[in-house]
Amino acid sequence: MLPLSGIRVVDLSTVVMGPYASQWLADLGAEVIKVETPEGDSTRRTGPAAEDGMSAIFLGVNRSKKSVVLNLKQPAAQTALHRLLATADVLLHSMRPQKLARLDLDPASVMARHPRLVYVSLLGFAEDGPYGGRPAYDDIIQGLSGNAALMAAQTGTVRYFPTIAADKTSGLIAALSISAALAGRERQGGKGGMVEVPMFESMVAFNMVEHLYGQHFDPPRSAAGYPRVLAPLRSPYQSADGYVCMMPYTDAHWRDFFTAAGRNDLASDARFANIGARTRHIETLYEITGDIVRTRSTDAWLALCETLQIPVARVNDLDDLVNDPHLLATGFFDRVEDAAMGTLRFAGAPVRFDGERAHAGVPPRLGEHTREVLGAIGMSDADIDALDR
């Protein structure tokens with residue numbers, strides 16, 4: 001049994017951050033009910049599709065969920081939602097705070113009615129700062145939290161990471177925080193509570209793990225930014241016939257690498273003798289290593305580094321990953337058959353509990369479970385039909 005089995009999550013969020021968080025909860029065993037407007041989540045129309053409303057980005061963050069359609073601008077739909085919340089453990093939303101009251105979702109009143117609920121607000125920014133209440137998407141947070149500047153520091157070009165980094169990082173933090181809140185509720189006699197996950201602060205915390213660097217100290221001992229990671233030459237090394245990812249890290253790794261390359265002079269060079277010295281001379285180290293790696297093939301370096309127990313790997317294209325031998329052997333990708341869309345492939349849940357991991361269920365069609373879910377909380381067919389009017 002997965003650890004969140006028996007937990008019911010009502011997810012009002014859209015796009016990527018919230019759905020990614022609740023997909024993790026589903027992968028951990030929770031029942032996730034995705035409440036959508038009659039138009040549905042915008043990602044239902046983002047990317048290629050085999051069926052209208054079931055596009056690629058939607059498939060990527062909504063597997064194993066149920067979909068209920070409620071137009072929360074209508075009082076009857078608000079009443080239905082509260083009946084559903086009475087059966088739920090978690091409420092998750094990504095609406096701006098100023099919109100909540102008119103949907104009967106202001107935190108104080110919801111918690112008064114449902115004291116066991118873990119009420120989760122996914123925000124662009126913490127509400128008590130000057131940015132509180134502003135709209136935010138991944139690009140905005142990437143720029144504000146330093147991602148674009150990190151790219152510029154390494155490449156000379158101000159640009160975003162080529163992945164939805166802020167949304168996904170914040171989604172992971174949300175899933176972790178929700179799991180912690182559920183554990184805390186059990187120790188507090190079943191009393192729920194509020195969880196606020198701001199994207200800006202989450203992404204700054206993520207970036208500053210290594211990049212706060214000398215700013216840890218007062219007065220600062222250096223500028224922010226970890227030099228090894230920001231070095232312009234930090235990239236896969238070009239070999240004689242392609243590229244290779246190679247990471248000598250310990251003092252012994254570097255001595256063994258230089259010795260095997262026939263460069264005993266470098267193996268005893270004080271500039272590279274320990275991690276402190278290597279960090280101070282990182283550009284020179286990358287340049288010298290790059291010159292050495294270009295003298296042999298990728299396969300030769302893979303074999304040598306494996307012999308020396310130096311971490312090494314080839315460079316995978318994104319299309320290569322579905323046939324990566326390790327991912328194939330571990331059954332990482334789930335293949336699911338759908339009567340209408342045919343065979344679908346999903347990146348699997350990477351975490352195992354007692355050897356068990358969750359397997360993907362087909363993401364829900366819009367409103368697919370409305371009648372099932374609302375009927376189970378005591379609403380009649382007539383009540384459910386009336387919600388469409």
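How many of the residues of helix H1 (residues 17-27) are buried? The count is 11 of the 11, so helix H1 is largely enclosed by the rest of the structure. Here buried means under 20% relative accessible area, exposed means over 50%, and partly exposed lies in between (1.4 Å probe, protein chains only). Among the buried residues of H1 are Met17, Tyr20, Trp24, Leu25 and Asp27. Just after H1, glycine 29 takes a positive phi of about 115°.

The model is predicted: local features need pLDDT of at least 70, side-chain atom pairs count only at pLDDT 80 or more, and totals for chains, interfaces and linings use all residues. Residues are numbered from 1 along each chain as its sequence is written, and side-chain values use heavy atoms, with hydrogens and water left out.

The protein contains 17 helices and 11 strands; helices (H or I, at least four residues) and strands (E, at least two) are DSSP runs, numbered from the N terminus. Its C-alpha trace spans about 85 × 55 × 40 Å along the principal axes. Of the 389 residues in the protein, 44% are buried.

Two strands pair if DSSP finds at least two bridges between them. S7 and S8 pair over two bridges, and these strands form a hairpin with four residues between them. Within this pairing, tyrosine 243 in S8 is the bridge partner of glutamine 238. Strand S8 (residues 243-246) and S9 likewise pair over two bridges: methionine 246 stands opposite valine 312, and cysteine 245 stands opposite alanine 313. Val244 and Met246 form the covered face of S8, whereas Tyr243 and Cys245 form the uncovered one.

The surface carries patches of charge. Patches are made of residues with over 30% relative accessible area and no salt bridge, with like charges joined within 9 Å and nonpolar side chains (Val, Leu, Ile, Met, Phe, Trp, Tyr) within 5 Å. A salt bridge is a side-chain nitrogen of Lys or Arg within 4 Å of a carboxyl oxygen of Asp or Glu. A negative patch is formed by Glu127, Asp128, Glu196 and Glu201. Glutamate 201 belongs to helix H8 (residues 199-211) and is partly exposed, with a relative accessible area of 33%. A patch of positive charge gathers Lys73, Arg96, Lys99 and Arg102. Lysine 99 lies in the loop between strand S4 (90-93) and helix H4 (107-113), and is partly exposed at a relative accessible area of 36%.

Some backbone features remain to be described. Most residues other than glycine have a negative phi, and most peptide bonds are trans. In the loop between H8 and H9, tyrosine 213 has a positive phi near 45°; this tyrosine 213 counts as partly exposed at 29% relative accessibility. Proline 219 is found in the loop between H8 and helix H9 (227-230), and a cis peptide bond with omega of about 5° joins aspartate 218 to proline 219. Aspartate 354 also has a positive phi, about 50°, although it is not a glycine. Aspartate 354 lies in the loop between strand S11 (342-347) and helix H16 (370-376), and counts as exposed at 86% relative accessibility.

Key. Areas by Shrake-Rupley, 256 points an atom, 1.4 Å probe, with all protein chains shown as cover. Lys, Arg positive; Asp, Glu negative; His and termini not counted. Charge placed at Lys NZ, Arg CZ, Asp CG, Glu CD.
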